[in-house]
There are 4 protein chains.
Amino acid sequence: MVTSFGESHGPKVGVVIDGCPAGLELRVDEIQQELKRRQPSSELFSTERRESDLVEISSGLFNDRTTGAPISLSVSNLDAQSEPYEERRHTPRPGQADLVARLKYGGHEDYRGGGRFSARITVGFVAAGAVAKKLISTIGMTAYAHTVEIAGIRARKIPRDEEEKASRGNVLSCADADAAQKMIHAIAETKRQEDSVGGIIESVATGVPVGLGEPVFDNLDGDLSKAFFAIPSVKGVEVGAGFESTRMKGSDYNDQLRVRKGIIESPTNNSGGIIGGISNGQPVVCRIAFRPPSSIGIPQTTVNLETMKEQTLSIKGRFDACVVPRAVPIVEAMTAIVLADCSLRAGLIPPVLKTA
Amino acid sequence: MVTSFGESHGPKVGVVIDGCPAGLELRVDEIQQELKRRQPSSELFSTERRESDLVEISSGLFNDRTTGAPISLSVSNLDAQSEPYEERRHTPRPGQADLVARLKYGGHEDYRGGGRFSARITVGFVAAGAVAKKLISTIGMTAYAHTVEIAGIRARKIPRDEEEKASRGNVLSCADADAAQKMIHAIAETKRQEDSVGGIIESVATGVPVGLGEPVFDNLDGDLSKAFFAIPSVKGVEVGAGFESTRMKGSDYNDQLRVRKGIIESPTNNSGGIIGGISNGQPVVCRIAFRPPSSIGIPQTTVNLETMKEQTLSIKGRFDACVVPRAVPIVEAMTAIVLADCSLRAGLIPPVLKTA
Amino acid sequence: MVTSFGESHGPKVGVVIDGCPAGLELRVDEIQQELKRRQPSSELFSTERRESDLVEISSGLFNDRTTGAPISLSVSNLDAQSEPYEERRHTPRPGQADLVARLKYGGHEDYRGGGRFSARITVGFVAAGAVAKKLISTIGMTAYAHTVEIAGIRARKIPRDEEEKASRGNVLSCADADAAQKMIHAIAETKRQEDSVGGIIESVATGVPVGLGEPVFDNLDGDLSKAFFAIPSVKGVEVGAGFESTRMKGSDYNDQLRVRKGIIESPTNNSGGIIGGISNGQPVVCRIAFRPPSSIGIPQTTVNLETMKEQTLSIKGRFDACVVPRAVPIVEAMTAIVLADCSLRAGLIPPVLKTA
Amino acid sequence: MVTSFGESHGPKVGVVIDGCPAGLELRVDEIQQELKRRQPSSELFSTERRESDLVEISSGLFNDRTTGAPISLSVSNLDAQSEPYEERRHTPRPGQADLVARLKYGGHEDYRGGGRFSARITVGFVAAGAVAKKLISTIGMTAYAHTVEIAGIRARKIPRDEEEKASRGNVLSCADADAAQKMIHAIAETKRQEDSVGGIIESVATGVPVGLGEPVFDNLDGDLSKAFFAIPSVKGVEVGAGFESTRMKGSDYNDQLRVRKGIIESPTNNSGGIIGGISNGQPVVCRIAFRPPSSIGIPQTTVNLETMKEQTLSIKGRFDACVVPRAVPIVEAMTAIVLADCSLRAGLIPPVLKTA
């Protein structure tokens, strides 16, 4: 169970992780490493906000192991420049949560930099994910994510067992190097136009034991999709063959069962490793749709909330033209968090880990 | 909050609804009417299991109004024929939860007719949805669903305000009568081939107030998608422009803000009525992907769990060749349940309803 | 996790138990037997409402074993006479929830027989407790309760290992037969005066493993006390030495630690088996205070809600002069339910039970 | 909803408050003031651990008002001396959680100073309580606590409306100045003997609206008692007449209803403001039993966990001989937190506060 706190320009962003078993080896640099993956790359298409993002562990760790007590992780917001946001106070950005936040919270929301709705809060998700990844690794599970589409450019499918490594070869975390080049150009071109573009990330979990997910209202797919929708800019989630399955015949879709060396397996994985809301032992595969970022330089129409008159808005500043590259470790983190929670609930990870 | 119970061939399926405000007018026939919509139509493409599905209200209603106490609703399973299932005990159906249920529950699961994993349990969802629909109507909200695609055949988009009515004109709940005809033929042809086929349902909620959804882990889109994934056969959920948004530029995607008669509105609804996880006052629009049903007559390969040898399986019996038509009221129900919960949590529906 | 539904004069009272492991042997007569213990005895001091209270299992059981799916249990209300309650509609009984229910639920509450606030709903608690007792017995835990005080008459303490059996020897479930006689006379005399009287029940759980309870907000003592306060008429809960511990010195209170045959134990149990919110392996001992029942024949002052004038009320009908005897199995049930939940959460009961 | 983190000798203790409405005025010094009340007084009977306990607000506050986003509050542990605890690593203190923590967490727990089981963590409770107290004050509710008994010495009852003020007149927060003097002497004498002593705190909430508490499993009394049991050293909770009510006749116990100036009221409050688990508009009154602290200088018997031999333990260091005085603001905090949660759930506090 993860509790999140913090906003873009407040003092800190972070999480409290409750219910992590005792005895998990954990060093601050392991969390730091994951946070680094979330930071903007040096390439052209990323925001220029640069923070060292040093994580602080306030509780729950002792002698480099978890204690079973809540783990509090936080990162200070150092590079927050609030001035440019002030002038946008009354001109909500189209596509952004500015207006809806103002209406829901009666104008009390911290609007600077998107406040609670900024992707900045995913720093906490990634930190929690680092703990979750270590935790699920104790039972042989791994979670990774990779970019499969940006700006309509699709990555070629490569064998699942080469995928993770191949995806680490470029700043987009795309396993198809050629497609990655095209995507990079597309993002660069989009950025030049002061526009933005979306894409799709695939999440893959391997080594998943049979039985994760508690039907019917705490299904594994339900929990995963809910977690993914907590990531800013997500507009869709599909599992296995997903939306494409709607165009398949049952005779094509159904993963046939066969025996290999005494073990039941399937040659295909259209189910995405989840049947009836429960993991079936195959890799758990989801795809997550990210819309284009809202903050663009191209002039847009908004309404000035003080005058209630329409106004043109051209957003200048340090914004990503595509969030997908930096969202890859976030998707990974959410996957690991859900798998860890489900494993604990299903009794597949013990409350005290055995240590060597 | 809805608790579900029951399995395909057990005595009853039902729900307990906890937290429904007091004073809501509710008659048993209103629930009955929704249940009827879930039943198989007389047309060729549906299962032949026919049950009167008379709902029983065991608590929480007094003088035709809710009392504020938990509402218990149930329906008896009368037409359950267990015999044919016995012989399939050890030959799990590909694509179905048979195998994963057996592994998760150690063989103790009620396997008859898919047991807890049967679409039969959605009787309870629809009953709860009937209550939720009445409840959200007290603040001017409505939820409806309609078929937008079956077997790759897409319904033409018609104006939103004609959609619900038009969709009631055929057994598929498809607002495009021409497409509906083609879909019906496609299903019939598929059934003839003893195969099955999937499709996509769109859920639309109108009159949704601004502010539903509690960031970041109880977002409205997250709650909706989790609820949809509780429906058997769902493999994907998207909101607004969804997966298509990944191929849009920000300048196309962003719903511009303008003023009409003193009210802020947008000419487009790519956000699907949800921004930052919160309803923004536009219609909330989701699309839900249903895979083809697993039970098909075409021979499939499975493994006999007693002999651990591969075996051919041809499933005969009363099965839907496409679940989409009967899933429409289920999607509606889940939408209404989530909106009701979020409205209560956000304080937009009072704990005691004003009565005339 | 138990969900409760039903009111005194509605169609049914019951529970849905979610999260019970698969493979637990369970027969309907085992639940029936517990329900019988809750019924009024043939002795003079009890209510005359007599119901056969036949439990109906609607889901979650298959071949006399739990399946891992939700278990729905209910009992029909047959002997409900609503007429006498109608005339009391506008004259709330002092000490009862009549008035507060009316104010909270805006007059929509089912007021007949106390409705949702009647002790009748504990039928469901006892049914759920029967399942929980079987479940905790699989890891060697037992829960029992006994009467330790009624009308100020205290039972003499007897050795813990004779206590449960001795308490089964009389209708009060009091392990001290002499005190029980005095209590019976006190209740009879009170009933003759058309008055009522309270008492104290002790709950004892043995075989409790070390480690139940999740600090700090899901402590074992916190969970137990919350569960006990769900029983009508409870006004206090104490653990171990309880309120008496406030008058002890630390040197008397602290349970010293010693070694006997290689095992650490304590000669005393002032902690009541819970330290730091966690079970320590000693018997878990709580005492629960029951106030006297509100419904008495002696004239009382109330306010007529229609006229808003004071009025005298003398309650005639079938009421217990003391709820303690019938509350014993309810206390037992709540104890078992909490211990079962905590054991599952702590991973001490597996999700699938091993069967012989 | 409050999430707690931190241990006695870790970097920080704190809380995250989720679900606090937007628009609540809150200044850091208001929290600081409550924390000061929790600190040891300069009188003889208190621990010598002295920390400035400066609270840090990491999120959720903007322009001195809450934003509706999670509020993260923490305090650094500065004065933690770990050395003396090291030598007690293997000799668990009788009455303390040392042994049970070691068994539950497999030796991974942070044992220094009691770790997660130290009263140090109540710093977070008091900080959260400061926010809760402000929140409930917006609807006219107040919560205070006072000492009613220490070492068997009972405070004389004074009129309810003088109680809070009178209790602020001495370091024990006891409204009876004479009794307070005797209690102070008793504590001093106990401390001289290197022993410890317990006591009882009464919690009083006034201005409580009718209708807090959600039957049957989220009753107000259940929620309060669960919260109180989260405070270290609590062994009992009673509401209104509590355990004493078990010795009363119904005719004495029942709070009669009468009309005064058109308002229904009761001359007595044996129910403690809660009937049927719901607040009835009278003051909500609970009493909480605190056992004597475990750490005493008088030699005790423990077991050395390395040698598994019995050993004498005499605990030297800075310990309170009685926790009651410092627990008063903690009880107040927990009361306010529960009342705030229940008020929000019952829709009695809006999600956005009206501001002047």
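**Close-up views of chain D and its contact with chain A**

Two salt bridges are counted between chain D and chain A, a salt bridge being a side-chain nitrogen of Lys or Arg within 4 Å of a carboxyl oxygen of Asp or Glu. This is a predicted model, in which local features need pLDDT of at least 70, side-chain atom pairs count only at pLDDT 80 or more, and totals for chains, interfaces and linings use all residues; side-chain values use heavy atoms, with hydrogens and water left out. Residues are numbered from 1 along each chain as its sequence is written, and chains are lettered from A and ligands numbered from 1 in the order in which they are written.

View 1. One salt bridge joins the side chains of A:Lys12 and D:Glu56, at 3.1 Å from N to O. On the side of chain D that touches chain A, β1, β2, β3 and β5 (65–66) of chain D each supply at least two residues.

**View 2. The strand that carries D:Glu56.** D:Glu56 stands opposite D:Ser74 in β6(D). β3(D) pairs with β6 (residues 71–76) of chain D in the antiparallel sense over four bridges; strands are DSSP runs (E, at least two residues) and helices likewise (H or I, at least four), numbered from the N terminus, and two strands pair if DSSP finds at least two bridges between them.

**View 3. The open sheet of chain D and its helix.** Four strands of chain D lie in the order β1-β2-β6-β3, with antiparallel pairing. β1 (2–6) and β3 (55–59) of chain D are the edge strands, each pairing on one side only. Helix α4 (residues 122–137) of chain D packs on this sheet and touches β1, β2 (12–17) and β6 of chain D, contact meaning heavy atoms within 4.5 Å.

**View 4. The extent of the contact.** Chain D and chain A each bring 36 residues to the contact. About 2600 Å² is buried between them, 64% of it from carbon and sulfur atoms; buried area is the accessible area (1.4 Å probe) that two parts lose on being put together, summed over both. D:Phe5, D:Phe62 and D:His108 supply 25% of the area that chain D buries against chain A, more than any other three residues.

Methods: Axes are lines fitted to C-alpha atoms, for helices over the stretch in contact, and angles run from 0 to 180 degrees between N-to-C directions.
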